Amino acid sequence: MADRVYPMDLPSSSSNPPSSNNSGEVVSPKKPSFPSPAKPIQPPAGTYVVQVPKDQIYKYPPPENSRRYESLTKRKPRRSFCCRCLCFTFSVLLFLIISIGITAGVLFLVYRPEAPKYTISSIAIKNFNVTASSKISPEFDISVRSENPNNKLGIYYRKGSSVTVVYSGVDLSAGVLPAFYQPANNVTVFQTALKGSDVVLGNAVKSTLRNEQRKGKVPFRVNIRAPVKIKIGAVKTWEVIVKVKCDLTVNVLTVKSKLVSKDCDYSVRLW
């Protein structure tokens, strides 16, 4: 129970009658002095005072937010670590891309690389009997001309190449190219023997071949696939694949066949 507060007794006028001084004047008794209430402190201009109840000030998060607080405090280090890893990885990749680009640009300006040129210089055909009713085993002796026009680049032709002769979507003969090194500013003609075995041609295909042979224009396609390495100074590049497609037309299907027309195209696969 709260304590009761009683009013303070003030001196009444009856208890302190007016007194007189020596001259006979009546002097009223002095009133008791009370301390004046303190003036409130005014904050400086431009500032605000926010009053928060004491029971709403927490040194620690309230119980209902403690789990959320813990989860947030645990996530921050992970996010910062992931951000650092991503930034580092991106910086390394950017540096590598820029370095490769600068190196490729310098090499291009120094060596001025040019694409090699390929063509078929001659062809001889054996055992191609379009009148036979059974399977055939045709043979093609092909001379391939390779020109390296570069002044400072050599070409290593490696093992694993393939050469095929195709007619109307049917593979007739197959073989490989020899492995050799072609120096700068060099023209090399190499021969390859292509052999077929048990090739089956339909009657319609044989009839078409006979008609084309009478006209002296029999079309073939020669596909060449060659793995090569480029020599730049004393350094060899990784292995790249050169693909050559040549559309040929011959007059007859014999050893004395001659090229009527030829058109070769190539592509390079770097990876």
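**Strands and their partners**

Biologist: Which residue is the bridge partner of Leu-153 in E10?

Modeller: This is a predicted model, in which local features need pLDDT of at least 70 and side-chain atom pairs count only at pLDDT 80 or more, while totals for chains, interfaces and linings use all residues. Residues are numbered from 1 along each chain as its sequence is written, and side-chain values use heavy atoms, with hydrogens and water left out. Strands (E, at least two residues) and helices (H or I, at least four) are DSSP runs numbered from the N terminus. In E10, the bridge partner of Leu-153 is Ile-232.

Biologist: How many of the five residues of strand E5 are buried?

Modeller: A residue is buried under 20% relative accessible area, exposed over 50%, and partly exposed in between (1.4 Å probe, protein chains only). Strand E5 (residues 153-157) is largely enclosed by the rest of the structure, because the number of its five residues that are buried is four.

**The cysteines**

Biologist: How far apart are the sulfur atoms of Cys-246 and Cys-264?

Modeller: A disulfide is a pair of cysteine sulfur atoms within 2.5 Å, and by this rule the count is one. That pair links distant parts of the chain, with Cys-246 in strand E12 and Cys-264 in strand E13, 18 residues apart. The link is right-handed, with 115 degrees about the S-S bond. The sulfur atoms of Cys-246 and Cys-264 lie apart by 2.0 Å.

Biologist: Which side chain of opposite charge is nearest to Glu-212?

Modeller: Glu-212 belongs to helix H2 (residues 203-215). Lys and Arg count as positive and Asp and Glu as negative, with His and the chain ends not counted; a salt bridge is a side-chain nitrogen of Lys or Arg within 4 Å of a carboxyl oxygen of Asp or Glu. Glu-212 is buried and has no salt bridge. At 7.5 Å, the nearest side chain of opposite charge is that of Lys-215.

Biologist: How far in space is Leu-253 from Gln-213, C-alpha to C-alpha?

Modeller: Leu-253 sits in the loop between strand E12 (240-250) and strand E13 (259-269), and its 5% relative accessibility is why it counts as buried. Contact means heavy atoms within 4.5 Å; leaving aside neighbours within four places in sequence, the contacts of Leu-253 include Gln-213, Phe-128 and Val-218. Leu-253 and Gln-213 are 40 residues apart in sequence, and their C-alpha distance is 7.3 Å.

**The whole chain**

Biologist: What percentage of the residues in the protein chain is buried?

Modeller: The chain's secondary structure comes to two helices and 13 strands. Of its contacts with a separation of 6 or more, 66% are between residues 24 or more positions apart. Among the 271 residues of the protein chain, the buried share is 24%.

Key
Two strands pair if DSSP finds at least two bridges between them.
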